[in-house]
Amino acid sequence: MKLFKSETQKTVTFIIISSICLFMSLIQSVDELLHFNLSWVAIILCGLPIIKEADSKKAPIVSLTDRWATWIVVIALVSSIGTYLVTHQILRSVTILVVFCPCALVLATPTAIMAGIGNASKYGMLIKGGDVVERLSKIKNIAFDKTGTLTYGKLSVVEYKSFNPEYDDETFLKILASVEAYSEHPLGKAITSYYKENNEELLDIQNFTVNPGKGITANLGEKSILVGNLKLIKDVDINLNKDIINISEEFTKKGCTVIYLSIDNKLIGYVALSDILREEAKEVISYIKSQKINPVMLTGDNKNSAQNIASIVGIDGIHPSLLPEDKMNIIKNLEDSKSPTCMIGDGVNDALALKYSSVGISMGAIGSDIAIEASDIALASDDIKNIPYLLYLSKKTMKTIKLNVTFSLALNFLAIILAMTGILNPVVGALVHNLGSVFVILNSAKLLKTRNNLDLHIKIEY
């Protein structure tokens with residue numbers, strides 16, 4: 001009894017078995033010689049069916065390779081039929097179909113993107129989609145918020161004072177802390193924390209409302225309370241004498257932020273807060289500039305405070321005293337001028353800018369929920385020192401994709417030429433075909449082993 005009823009059956013069976021054996025032997029050899037972690041290869045292979053489900057947006061390059069794969073199938077069919085009509089040799093036609101199946105090309109992009117996202121996640125950078133990686137590799141500008149991004153966002157109270165004789169300094173601070181207790185802004189948290197170091201009791205506040213970029217309105221019993229910056233105080237026509245303006249200017253020249261409190265449209269007092277610049281900020285900005293990317297600062301703080309931080313870290317483009325819609329408009333103008341921009345922020349004020357930028361990056365731990373939701377990438381560790389590595393990884397991922405695509409296309413076209421001339425038979429063609437897929441997978445998996453070797457003076461710990 002014959003095991004195979006025809007030579008075709010025998011050939012097809014041999015191709016399948018030999019392909020599996022070749023694939024397993026190659027993987028085993030790599031594991032033994034290079035000590036490669038096969039678990040990552042398994043993750044890639046097993047994860048391929050759910051890539052589209054996990055990511056609702058395709059990277060543009062994925063769609064491009066999908067279209068190429070479609071045309072390659074058409075070319076393969078035409079070449080196979082044409083070869084048979086010219087040579088009348090069925091084996092050559094079959095070989096063309098075997099070697100020209102675009103498996104390597106289809107795997108070229110999603111495997112690299114998946115590996116790049118996996119690498120970033122190990123270091124606390126959560127990327128929400130494959131298209132984000134491609135967009136990040138093409139940005140021309142990076143816009144930074146100031147408080148909580150370039151600085152730690154852990155502000156400290158430098159001074160507080162009441163102007164109104166009806167309220168002493170401690171009563172003024174108690175009212176201010178009671179209002180700010182409902183706020184998620186770093187300024188409000190700093191004031192409340194400072195008050196609670198020596199006090200526990202807070203007043204009952206009603207009708208708490210946030211005016212993004214300006215301040216807070218609330219009620220204390222029958223009294224109407226307003227908390228905000230100098231701009232907000234001027235907008236509501238509260239009287240400001242020269243001494244108050246001089247005090248504000250004195251603190252802002254030192255890089256401090258001044259918050260005022262008014263009750264029933266009467267100015268009660270002020271509190272001055274200072275922030276600490278992140279140690280790595282200067283080196284991060286320096287690296288960004290070295291990559292021909294333009295750093296800018298978008299902040300709701302006053303010009304003097306913004307200028308003080310910008311001069312230290314080396315940012316030339318400064319946009320101070322911005323409302324949330326102002327930040328959004330600046331981002332939109334940059335995007336409309338064909339200058340892709342990445343926005344990095346942490347607060348409610350940054351949400352619109354994060355949403356309208358090519359890539360939005362939020363500070364995961366100290367950031368507000370709405371900022372994290374609006375962003376494309378969340379930094380779980382709140383370290384902007386990871387930004388250089390993130391930029392490097394995005395470009396390395398795109399280079400890996402281009403190498404995968406180039407190799408798979410070159411291999412396919414070379415194989416079809418050899419198949420047409422009869423140099424390749426179906427068995428060898430199957431081996432060549434699988435070799436291309438194995439190369440693409442292993443080359444993409446190398447991204448999982450990528451480490452940060454950037455020449456920065458700051459210490460980056462993983």
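Trainee: Where does leucine 354 lie, and is leucine 354 buried or exposed?

Mentor: Helices (H or I, at least four residues) and strands (E, at least two) are DSSP runs, numbered from the N terminus. Leucine 354 belongs to helix H16 (residues 351-356). Buried means under 20% relative accessible area, exposed over 50%, and partly exposed in between (1.4 Å probe, protein chains only). Leucine 354 is buried, with a relative accessible area of 0%. Its C-alpha lies 9.0 Å from that of isoleucine 372, 18 residues apart in sequence. This is a predicted model, in which local features need pLDDT of at least 70 and side-chain atom pairs count only at pLDDT 80 or more, while totals for chains, interfaces and linings use all residues. Residues are numbered from 1 along each chain as its sequence is written, and side-chain values use heavy atoms, with hydrogens and water left out.

Trainee: How many salt bridges does a search of the whole structure find?

Mentor: Side chains of opposite charge can pair when their charged atoms come close. A salt bridge is a side-chain nitrogen of Lys or Arg within 4 Å of a carboxyl oxygen of Asp or Glu. The search of the whole structure finds eight. One of them joins aspartate 350 to lysine 327, with the closest N and O atoms 2.6 Å apart. This pair links distant parts of the chain, 23 residues apart: aspartate 350 is in the loop between strand E11 (341-345) and H16, and lysine 327 in helix H15 (residues 324-336). Both residues are buried.

Trainee: Which parts does the pair of aspartate 301 and lysine 146 tie together?

Mentor: The closest N and O atoms of aspartate 301 and lysine 146 are 2.9 Å apart, in a salt bridge. Aspartate 301 lies in the loop between strand E9 (294-298) and helix H14 (303-313) and lysine 146 in helix H8 (residues 146-150), so the pair ties together parts 155 residues apart in sequence. Aspartate 301 is buried at 11% relative accessibility, and lysine 146 is buried at 3%.
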